[in-house]
Amino acid sequence: PARPHRNLVYPSSMAPRHKHNSSIRIMQWNILAQALGEGKDGFIRCPLDALNWEERKYLILEEILTYSPDILCLQEVDHYYDTFQPIMASLGYQGSFLAKPWSPCLDVEQNNGPDGCALFYRRSRFSLQATAHLRLSAMMLPTNQVAIVQTLSCRATGRRLCVAVTHLKARSGWERLRSVQGADLLQSLRSITSQGGPSSPEEGAGPVPLVVCGDFNAEPSEDVYRRFSSSTLRLDSAYKMLSSDGQTEPAYTSWKIRPSGESCSTLDYIWYTHDALSVDCLLDIPTEEQIGPDRLPSYHYPSDHLSLLCDLSFREGPHMLI
Ligand code: NDP
Ligand code: CA
C-alpha cells in the first residue's frame with residue numbers, strides 16, 4: 001500500500017504561497033542506525049522485514065528525494081561511506097560526517113561501523129566557508145556526543161547561513177548531561193556565528209543567521225529545551241508554528257514500542273534565528289491513525305523518528321542592517 005501523504009502546511013500568519021523562490025528547505029531526521037535497529041533497540045511490534053537495510057535504505061532515500069531539501073541533517077548514520085555519501089553526491093549534494101567516538105553500533109555483531117551525524121547541502125545553492133567538527137563536553141570532560149557546524153554562503157546572494165546538526169545523549173536520567181551538552185554547543189555556536197564581518201552588501205554586520213537541527217532526546221519540558229529557547233542567539237523552534245497557537249511543539253516526533261513499554265515523545269527540533277529567518281511552511285506530522293497500532297518503525301516509516309522539514313526565508317527589513 002502507498003505511504004500516507006504528508007502535507008506542507010503554511011502557518012496561519014503567512015499567506016499561503018508556493019515554495020518561495022529564495023526559501024531554503026531544511027530537513028532534520030534521525031534515520032535509525034541499522035546496527036541499533038537490528039541489534040539493540042528491541043522494537044517488539046516492528047516486523048523484522050521492515051528493518052531489512054536493502055529495502056529500508058530506499059524508503060529513507062525516497063523520503064529525502066520526495067522533499068528535496070537544500071540542507072539535510074541526519075543522526076544515527078551508520079551507512080555514510082557506502083550509501084549516503086555516494087548517492088547524495090550523485091544528486092548534487094556535498095556531505096560531511098562525524099562519527100560518535102564510542103558508537104553503540106560497534107557493540108553489535110556485523111556492524112557497518114560507528115554511527116554519527118551527517119550534514120548535506122546542495123552544491124548549486126551554497127558554497128562552504130567553514131566546518132567545525134565538535135565533540136560536546138560536559139564540565140570540561142569530553143562526552144560521546146558530537147555536532148557538525150558549517151558556515152555556508154548562498155551562491156546567489158552572498159548571504160551566509162550557519163547550520164548545525166547534533167544528537168544529544170539518550171535515555172531518562174541523563175537530563176542534566178543533555179542540558180550541559182546543549183550549553184556547550186550554544187557556546188561554540190555563539191563563537192562561530194559572531195566571527196567575521198558582512199560578506200555581501202545585502203548582509204548586515206550582525207551575527208550569521210543560524211539553523212540548529214537535532215535529535216535532542218529531550219521533551220520541551222527539559223532544561224536543554226529551555227536553554228535553547230532562551231539563549232542569547234535568539235532561537236525559536238520551527239515546529240511550534242504547526243500548532244494553532246504557534247506556541248506548542250508537536251505531540252510527538254518519535255513513537256515506538258520496546259519491551260519496557262510504549263514511548264511517544266517530542267525529541268527532535270529545527271531551531272532558527274527568529275529575527276533573521278522566518279518559517280514559510282512545514283511538513284505536517286502523521287496522525288496516530290496513519291502511524292498505526294504497531295507504531296514506528298514500520299513498512300511505511302523506516303525510522304522510529306519522523307522526519308521534520310521546513311522552508312525558511314531570510315527576513316528583509318531595515319532591522320537586519322543594524
Ligand atoms: P545513548 O544513551 O546516547 O544512546 C545511544 C543510542 O541508543 C541512541 O542512538 C539512542 O537512540 C538509542 N537508545 C535510546 N534508548 C534506548 C533503549 N531503551 N534501548 C536501546 N537503544 C536505545 O548512548 P551513548 O552515546 O552514551 O553510548 C552508550 C553506549 O556506547 C554504550 O552502551 C556502549 O555500547 C558504548 N560505549 C562504549 C565504550 C567503550 O569503551 N567501548 C565507552 C562508552 C560507550 P535515540 O537517540 O533515538 O533515543
Ligand atoms: Ca535511536
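**Notebook: calcium, ligand 1 and the cores**

I began with E76, which sits in strand β3, the run covering residues 71–77. A reminder to myself: this is a predicted model.

Next I looked up the calcium ion (ligand 2). Its protein donors are listed as E76 (OE) and E76 (OE), at 2.2 to 3.1 Å from the ion.

E76 turned up again when I moved on to ligand 1. I found 19 residues around this ligand, with E76, K100, D107, H167 and K169 coming nearest. I then checked some polar atoms. N217 has a side-chain N or O atom 2.8 Å from an oxygen atom of ligand 1. For D215, a polar side-chain atom is 3.1 Å from an oxygen atom of ligand 1. R258 places a polar side-chain atom 3.4 Å from a nitrogen atom of the ligand. On its own, ligand 1 has 920 Å² of accessible area, and the protein covers 72% of that.

Is Q28 buried or exposed? I count Q28 as buried because its relative accessible area is 0%, under the 20% cut-off. Q28 belongs to strand β2 (residues 24–30). A polar atom of the Q28 side chain lies 3.3 Å from the backbone nitrogen of G214. Leaving aside neighbours within four places in sequence, Q28 also touches D215 and I270, among others.

Last, I went to the nonpolar cores. The largest has 57 residues, and I26, I71, L74, F84, F120, V211 and I270 have the most contacts inside it. Beyond four places in sequence, the contacts of F120 include I71, L74 and F84. Another core, of 24 residues, lies apart from the largest one and includes A132, I192, V208 and Y269.

Conventions
Residues numbered from 1 in each chain as written. Chains lettered and ligands numbered in written order. Predicted model: local features only at pLDDT ≥ 70, side-chain atom pairs only at ≥ 80, totals over all residues. Heavy atoms only, no water. Donors = N, O, S within 2.8 Å, 3.2 Å for Na, K, Ca; no water. Helix = DSSP H or I, 4+ residues; strand = E, 2+ residues; numbered from the N terminus. Core = buried A, V, L, I, M, F, W, Y, C linked by side-chain atoms within 4.5 Å. Buried < 20%, exposed > 50% of the residue type's maximum accessible area, 1.4 Å probe, protein only. Contact = heavy atoms within 4.5 Å. Polar contact = N/O pair within 3.5 Å; in protein donor to acceptor, adjacent residues only side chain to side chain. Near = heavy atom within 4 Å. Areas by Shrake-Rupley, 256 points an atom, 1.4 Å probe, with all protein chains shown as cover.
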